[in-house]
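Good morning, and thank you for coming. Please look first at the sequence and the structure on the screen, and then I shall take you through them.

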Amino acid sequence: MRMKFFMAALATASLVTFASCSKDEGKDKPEPPTDVTITGFAPLTAKGGASITITGTNFSETAEENIVTLNDIEAAVTSASATQLVVTVPSTVYCSGKVRVAVGDKNAESAESFAYLLAHLVYTAGYEYDENYVSEAKIWAGSSATTLGDKGVDGDLESEVRSIFISGTDVYAAGNQQNSSYQPRGASWRNGSALASLTDATKRTSANAICVTGTDVHVVGNSGSTSNACYWKNGALTALTTTGGQALSMSLLGSDIYVAGNSGASAVCWTITASGAITPVTLAAYGKATAVFVSGTDVYAAGVSKPDALGTNTPKVWKNGTQFAELNDGSASVDIKSIFVYNGSAYVVGLYNDTPRLWTVDGDGNVTVTPITGAGGVYSVFVKDDVVYVSGMGGNKAMYWKIINGEVVGSEDITNGTRTAEAYAIYVTDAPES
């Protein structure tokens, strides 16, 4: 009896021991790998809106479960498998950096960095002297020049471009052209060919800005020996002032046109509707609005104002007719040239005690300053894909500068400096597909 009990207990112990060994053997087997990995991506450089393909392991086959960032900026996933993701490059230069993929609490980082490709075509415009020191109106696409204007029979009539506007594949320009009596006349061009004359009987005229809506070409400038602000639509003149003034800048909101300038002593922004109705808004009783830009439904203007006729000019930015920011306290001489609004911030260029500057005004009205070293003058600003482009001159050369995150990161010579040239206007587009 005892022997049977002992044998039964031994058998039971053996079963328990065997079962225990089987469990331990299972624990020793490696779990299948679940960590996300990135083995590579291609291409290593691309422009905004292009696709890059990321290869690796353990991605989710459900696209939205993969969180992909380029330098911590999220990129949309357009297709996904366990070993491959296709994502769209965000349109910002700030996405240059490491590629990261997160799936749940698992994540991976690339060994190499992605580089954002600035696939931009930079148009600039202004003038360049010829061999006889006669200024010729010029548009540059990159460094490729197109000469505008009419130099006359004797080749001594001067011209210049003050503004450019791109509509589809058409390049529009406005500026000034001397007539045969050497008097300045406003002029406009499309793709290098002259458009309707910008005249006011026998009076002097000048053109300062151009834009296009549909088939209509709009130009603002000045007219007359006493200089009145004026507006041309397809060459037809409308006076904005009758007792003196200037129309210096223009921006669009749908079919409405906003014009910055002055009427007498006052800084003014005019609204011109498609029906031709004109509404002036006084920004300051004493001052001048030299630049305007419409972003969404907000109208920004930049210029100067002073407390009275004998006061000191203080540079300012207005938003929807109300002062938004002061660029300095009025203790220095400031000449405001241009404004561009991008992602809620206003970018303003001009001279501060004859020193070229970029002022950045954020959405709360806070101002930061970027000196533009090497520039003799700056005249126009344009922002694309978080890159701020500023045109002007350095030495005798027409130039432009690139600024990212408040730092000048490079400059480009438009001309070689053999003859004096200046770039009064800048417009940046996507480079055409090669």
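Residues are numbered from 1 along each chain as its sequence is written, and side-chain values use heavy atoms, with hydrogens and water left out.

Let me start with confidence. pLDDT is the predictor's confidence in each residue, from 0 to 100. The protein chain has a mean pLDDT of 90, and 91% of its residues reach 70 or more. Where pLDDT is low, the predicted coordinates should not be read in detail.

Next, the overall architecture. The protein chain has 1 helix and 37 strands; helices (H or I, at least four residues) and strands (E, at least two) are DSSP runs, numbered from the N terminus. The chain is more spread out than a compact globule, because its radius of gyration is 32 Å, well over the 22 Å that the globule rule gives for 434 residues. That radius is taken over C-alpha atoms, and the rule is 2.2 Å times the number of residues to the power 0.38. Along its principal axes, the C-alpha trace spans about 135 × 45 × 45 Å.

What share of the 434 residues is buried? Buried residues make up 47%, where buried means under 20% relative accessible area, exposed over 50%, and partly exposed in between (1.4 Å probe, protein chains only).

I turn to the interior. A nonpolar core is a set of buried Ala, Val, Leu, Ile, Met, Phe, Trp, Tyr and Cys residues joined through side-chain atoms within 4.5 Å. The largest such core holds 105 residues, of which Ile54, Val101, Phe114, Ile164 and Ile339 touch the most other members. Apart from it lies another core of 12 residues, among them Ala260 and Ala284. Leaving aside neighbours within four places in sequence, the contacts of Phe114 include Phe41, Pro43, Leu70 and Val99.

Pro43 also deserves a remark on its backbone. The peptide bond from Ala42 to Pro43 is cis, with omega near -5°, and Pro43 lies in the loop between β1 (37–42) and β2 (45–46).

Now to an open sheet of 4 strands, in the order β33-β34-β35-β36 with antiparallel pairing. Two strands pair if DSSP finds at least two bridges between them. The edge strands, β33 (377–384) and β36 (407–413), each pair on one side only. Strands β34 (residues 387–394) and β35 (residues 397–404) pair over 7 bridges, and Val390 has Trp401 in β35 as its bridge partner.

Most residues other than glycine have a negative phi, and most peptide bonds are trans. Asp385, in the loop between β33 and β34, has a positive phi near 50°. Asn343, in the loop between β29 (334–342) and β30 (345–352), has a positive phi of about 50°. Are these residues buried or exposed? Asp385 is buried, with a relative accessible area of 12%, whereas Asn343 counts as exposed at 66%.

Technical notes. Predicted model: local features only at pLDDT ≥ 70, side-chain atom pairs only at ≥ 80, totals over all residues. Contact = heavy atoms within 4.5 Å.
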